[in-house]
Amino acid sequence: MTVRGESESVSVSQDPGLPISMSRTSGDADHDLVLQWRPRVGQEGFVHEIVVEKPSSTKRLRIRIPVAPEAMTWVHPRRNEPMMIQTTVGSTVETDVRCQSNYQLMQLAVKQLDDGFDFRPGMEPRLFDAISRMPQKASASAGHLTFTAIHGHEGTTSMACFGCMSSTFMMEQEACVTVRVSLCKYATKPGDTLLSITRMYHQNNNWRRLWNINPSIVPDPQHVMAEGTVLDLGPIYRIQDGDSLANIAGRFDTTIRNLLEVNQFIIDEEMVKSGEELCITPCTNQPTPSMDMKFAY
């Protein structure tokens, strides 16, 4: 864009100045001002203003440049910025998914929804001109996504993918949310006790092993813990060359059955590969030291 100053040079006022990434140079004529601009991501949907002035005049030229949004775009998650959420068994994570267009209303189609996800769609029309007064109407399609990690999700990665499709144009954009569930951790739910968790993961009654790993909790197997308390279930072991479930179980004095219970992503022996991580519950092959579950020693 060229602004001609005729007999006098023109300049850009410091208030509001130039939009981010806009440059100015001198033109072919002595008093010309050349403005060059390629809007960046995040500047769409707004009207950007430039004020040009002459030193000898109080008159100003006000230039307004509206930057139209893409015909279709993902607001959350961003299409080119994969969204990764880390969680723990016993926890529920939530997020919104939303795409929008400056044309007709769109459809939000579910492309992939792994086990543990729940999606509730909803329409949310809005105007882009809410802040900048851009004379451009937009529409949005949104929904609410939740993921509940349950026993069996430990160490797994789950995905939910959505397609944003226009009813006017034959076009589609896809975005995904990825949830990674931590190994060897558990977030308590209402009614959980040291004993109930020990029976679920260690498959015996020796609750003191679990307490030794988490010494900050109340040392009472019947004590109901606060909801959301994150417990460590055991150490994490990185598989070495030549390892098998049998020799790992023998090394840590546990059983193959117990290894499979706390690492349910393992379907068969071929999945035990060097470099992979396993949750270990050591010494769970040993009997409970006492018949008294509360005062086992």
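This is a predicted model: local features need pLDDT of at least 70, side-chain atom pairs count only at pLDDT 80 or more; totals for chains, interfaces and linings use all residues.
Residues are numbered from 1 along each chain as its sequence is written. Local features need pLDDT of at least 70, and side-chain atom pairs count only at pLDDT 80 or more.

Q: What makes β5 and β6 a pair?
A: Two strands pair if DSSP finds at least two bridges between them. β5 (residues 47-53) and β6 (residues 60-66) have seven bridges, in the antiparallel sense. Therefore they count as paired. Glutamate 53 stands opposite arginine 60 in β6. A hairpin of six residues joins β5 to β6.

Q: Why are β1 and β3 said to stand at the edges?
A: The open sheet has three strands in the order β1-β4-β3, with antiparallel pairing. β1 (2-4) and β3 (23-26) each have a single partner strand, so one side of each is left without a neighbour in the sheet.

Q: How do you know that β3 pairs with β4?
A: Four bridges join β3 to β4 (residues 32-36), and the two run antiparallel. Threonine 25 stands opposite valine 34 in β4.

Q: Why is a space called a cavity?
A: On a 1 Å grid over the protein atoms alone, a cavity is a set of points where a 1.4 Å probe fits but cannot get out. The structure holds one cavity of 30 Å³ or more. About 40 Å³ of space lies in the largest cavity.

Q: What makes Phe117 a lining residue of the largest cavity?
A: Lining residues have an atom within 4 Å of a point. Phe117 is one of the residues that line the largest cavity, and so are Ile85 and Leu145.

Methods: Side-chain values use heavy atoms; hydrogens and water are left out. On a 1 Å grid over the protein atoms alone, a cavity is a set of points where a 1.4 Å probe fits but cannot get out, and a pocket is an open set with protein on both sides within 12 Å along at least five of seven lines; lining residues have an atom within 4 Å of a point. Grid points are joined across faces, edges and corners, and a volume is the space filled by probe spheres set on the points.
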